[in-house]
Amino acid sequence: VCSSDLVQLNYGFGAAEVNKLVKCVNADGLFIHLNHTQEAVQPEGDTNFENLFAKLAEILPQIKVPVIVKGVGHGIDKPVVEKLIKMGIKMIDVSGTGGTSWAWIEGRRQSYIVEEENLGYLFRDVGIRTDVCLQENAVISERSATSLIAGGGIRNGLDVAKPLTMGASHATAAMPFLAAAMDSPEAVRKVIQRYKKELRVAMFACGAKNVEQLKHM
């Protein structure tokens, strides 16, 4: 899967450029990031957000792979989810607060003396929690057969189980796996096995025989 930021549609990116990107890496899917807070705190950020949803709706039929719209640690609210569903998006990663803050990552890239005067630090936790995003959008996503993906603060198998009971079809994590990958492939496998064990115990504890039962609890 490859990725691009939604705001790039105002900086020379269109359907042709997106499809070229997909072809270049032989991707079977495309993440489109809603990263407006991240861009806003960057000194070199792209901040022309005018008419982006209209431009996305225009190029969607031309994109040759499935599209997943993804937040970057600040959440996606219900009005935006409704707009995305209306234009035909079938997979949305709400990526709420509670995990990695890309605003703070941008803040750490900059030189600073006082944290409270660093834009990235100031906006590091601004947004909507992952669980709130899921609860707000569970009904509309089910009615429209849209998959909600829970990202943001998924640090163990229990964290995987919880959002599945709130309307998520999947859960994602990056930091635990990236940290393990800095060590070795075997360390990554150990993290995966730990997540699996923790998820199974969570399912056992609430009486779910499988993931589908867990989703309906």
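**Close-up 1. Helix 4 meets helix 7 in this predicted model.** From helix 4, the residues K78, V81, E82 and I85 take part, and they meet E136, N137, I140 and S141 of helix 7. Sorted by class, this contact has 3 nonpolar, 2 polar and 3 charged residues. Helix 4 covers residues 78-86 and helix 7 covers residues 130-143; the two pack at an angle of about 20°, and their axes are 10 Å apart. Angles under 35 degrees count as roughly parallel, and helix 4 and helix 7 are therefore roughly parallel to each other. Where helix 4 passes helix 7, the crossing is right-handed.

Close-up 2. Staying with helix 4, look for V80, V81, L84 and I85, which are its buried residues. The buried residues of helix 4 have several packing partners: strand 2 (30-34), helix 3 (52-59), strand 3 (67-71), strand 4 (91-93) and helix 7.

**Close-up 3. Helix 3 and its two sides.** Which residues of helix 3 are buried? They are L52, L56 and I59. Seen down the axis of helix 3, these buried residues fall within an arc of 75°, so they line one face of the helix. A54 and E58, on the other side of helix 3, are exposed. The buried residues of helix 3 pack against helix 1, strand 2 and helix 4.

**Close-up 4. S95 in its loop.** Find S95 in the loop between strand 4 and helix 5 (102-109). Is S95 buried or exposed? Buried means under 20% relative accessible area, and S95, at 5% relative accessibility, therefore counts as buried. Leaving aside residues up to four places away in sequence, S95 touches K70, G71, V72, G73, H74, G75, T130, I149, G151 and G152.

**Close-up 5. K23 and K64.** With a relative accessible area of 72%, K23 is exposed, since the cut-off for exposed is over 50%. K23 and K64 are 41 residues apart in sequence, and from C-alpha to C-alpha they are 9.4 Å apart in space.

Notes: Residues are numbered from 1 along each chain as its sequence is written. This is a predicted model: local features need pLDDT of at least 70, side-chain atom pairs count only at pLDDT 80 or more; totals for chains, interfaces and linings use all residues. Side-chain values use heavy atoms; hydrogens and water are left out. Axes are lines fitted to C-alpha atoms, for helices over the stretch in contact, and angles run from 0 to 180 degrees between N-to-C directions. Helices (H or I, at least four residues) and strands (E, at least two) are DSSP runs, numbered from the N terminus. Angles under 35 degrees count as roughly parallel, over 145 as roughly antiparallel, 65 to 115 as roughly perpendicular and the rest as oblique. A crossing is left-handed if the near helix is turned anticlockwise from the far one by less than a right angle, and right-handed if clockwise. Contact means heavy atoms within 4.5 Å. Ala, Val, Leu, Ile, Met, Phe, Trp, Tyr, Cys and Pro count as nonpolar, Asp, Glu, Lys and Arg as charged, and the others, Gly among them, as polar. Buried means under 20% relative accessible area, exposed over 50%, partly exposed in between (1.4 Å probe, protein chains only). The arc is that of the directions from the helix axis to the C-beta atoms.
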